[in-house]
Amino acid sequence: MKDKRKPLYYFLFLLNVLIWGSSWASVRFLLENYAETFDTAKPFYIAGLRYLLAGVLIFPVALHQLRKISLTKKDYLSILYYGLSLVALSNALVFWSQQFLPSSLCSIIFSLYPVMVLILSFLLLKEEKAGLLKIAGTLLSFLGVFILFFDPLILEARISSIAFFTMVFSVVFAAIPSVLIRKNSIHLNVFVLNSLGMFLGGILLLLTSFVVESPLHLPSDFRFWLVLSYLSVFASCYTLIAFFWLMRHVQLTKLSLSAYLTPIVSLIIGVLFYNETLNIQSYIGMILVFLGIFLIDYFKYRKYIHVGREALFPH
């Protein structure tokens with residue numbers, strides 16, 4: 001029986017990709033807007049505001065779930081991993097790096113996330129197997145990053161080179177909680193994890209900002225708060241709810257296509273709104289990263305490759 005809600009699934013999936021893709025340019029806008037008003041950007045402060053607001057917004061749903069469950073010590077540790085590593089450390093590096101790198105390039109680097117998860121899973125989880133295709137995909141992805149780094153536009157400025165490596169480390173810090181939570185608290189409610197983790201990470205970012213970025217100011221520009229609200233409400237809260245709802249109705253393999261589509265959306269938005277330019281070397285690096293991710297997940301996509309081949313070349 002044909003699922004009549006399939007158009008809704010596609011619409012929500014594409015909407016998620018558009019929001020995730022636009023979030024990179026939105027972060028750039030916040031950094032530049034704050035810098036124009038107060039002469040310097042405060043990346044930790046802006047990141048802290050985003051995630052503190054997002055954590056508060058999801059908390060009513062998390063509180064409803066907390067009334068049904070009791071958290072274990074491992075659950076509390078998972079929330080700590082999530083808030084400290086993914087929200088605080090990873091986003092501190094992302095927001096700082098975006099001061100010196102094109103938002104589209106940051107998005108491409110962050111697409112290494114599944115590769116980092118694979119590497120850490122192999123190191124920390126005994127059940128993860130390193131097959132030939134996964135090894136080849138990992139090496140190919142890092143070859144792509146290597147090519148991206150040796151872009152003359154990055155090498156000509158030392159601060160851009162540093163920002164490139166901080167972006168790579170942001171992916172590592174984002175991947176660590178994914179592996180540790182899978183190991184220790186795989187059944188932890190996603191709303192509880194995200195609400196408490198975002199709240200904790202937001203507080204840590206704001207405390208760090210108070211120490212290293214003072215004096216701090218509340219912007220008066222309406223556009224700043226509009227874009228910050230967009231990131232908190234849609235990029236952090238809505239996409240989370242929509243993604244996990246889609247997981248109940250759409251195969252995870254199809255949803256994983258967002259790893260390829262999000263950087264492309266980010267690239268288009270960066271070109272249209274910020275005149276960001278990537279040379280041929282950057283595009284080659286991006287293609288190699290995507291090809292590496294595809295090889296890592298090849299066996300997940302194999303069924304669809306077979307269906308496509310049958311459709312093109314029927315017996």
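Colleague: How many residues has helix H3, and how far does H3 reach from its first C-alpha to its last?
Modeller: Bearing in mind that this is a predicted model, helix H3 covers residues 73–97, which is 25 residues, and reaches 34 Å from its first C-alpha to its last, close to the 36 Å expected at 1.5 Å a residue.

Colleague: And where does H3 bend?
Modeller: The bend in H3 is at Asn 91, and its angle is about 30°.

Colleague: Switching to packing, at what angle do H4 and H8 pack?
Modeller: Helix H4, residues 103–110, packs against helix H8, residues 158–184, at an angle of about 40°, and their axes are 9 Å apart. The crossing of the two is right-handed.

Colleague: Which residues make that contact?
Modeller: From H4 there are Cys 106, Ile 109 and Phe 110, while H8 contributes Phe 164, Met 167, Val 168, Ser 170, Val 171 and Ala 174. By class, eight of the residues in this contact of H4 with H8 are nonpolar and one is polar, with no charged residue.

Colleague: What about H9 and H10, how do their axes cross?
Modeller: The axes of H9 (residues 190–212) and H10 (residues 222–246) cross at roughly 160° and come within 11 Å, so H9 is roughly antiparallel to H10. This crossing, too, is right-handed.

Colleague: Which residues are involved there?
Modeller: H9 brings Val 190, Phe 191, Asn 194 and Met 198, and H10 brings Ser 236, Leu 240, Ile 241 and Phe 244. The contact of H9 with H10 has six nonpolar residues, two polar and no charged.

Note on methods. Residues numbered from 1 in each chain as written. Predicted model: local features only at pLDDT ≥ 70, side-chain atom pairs only at ≥ 80, totals over all residues. Heavy atoms only, no water. Axes fitted to C-alpha atoms, helices over the stretch in contact; angles between N-to-C directions. Helix = DSSP H or I, 4+ residues; strand = E, 2+ residues; numbered from the N terminus. Left-handed = near helix turned anticlockwise from the far one by under 90°. Contact = heavy atoms within 4.5 Å. Nonpolar A, V, L, I, M, F, W, Y, C, P; charged D, E, K, R; others polar. Expected span 1.5 Å × (residues − 1). Bend = angle between axes of the 7 residues up to and from the residue. Parallel < 35°, antiparallel > 145°, perpendicular 65-115°, else oblique.
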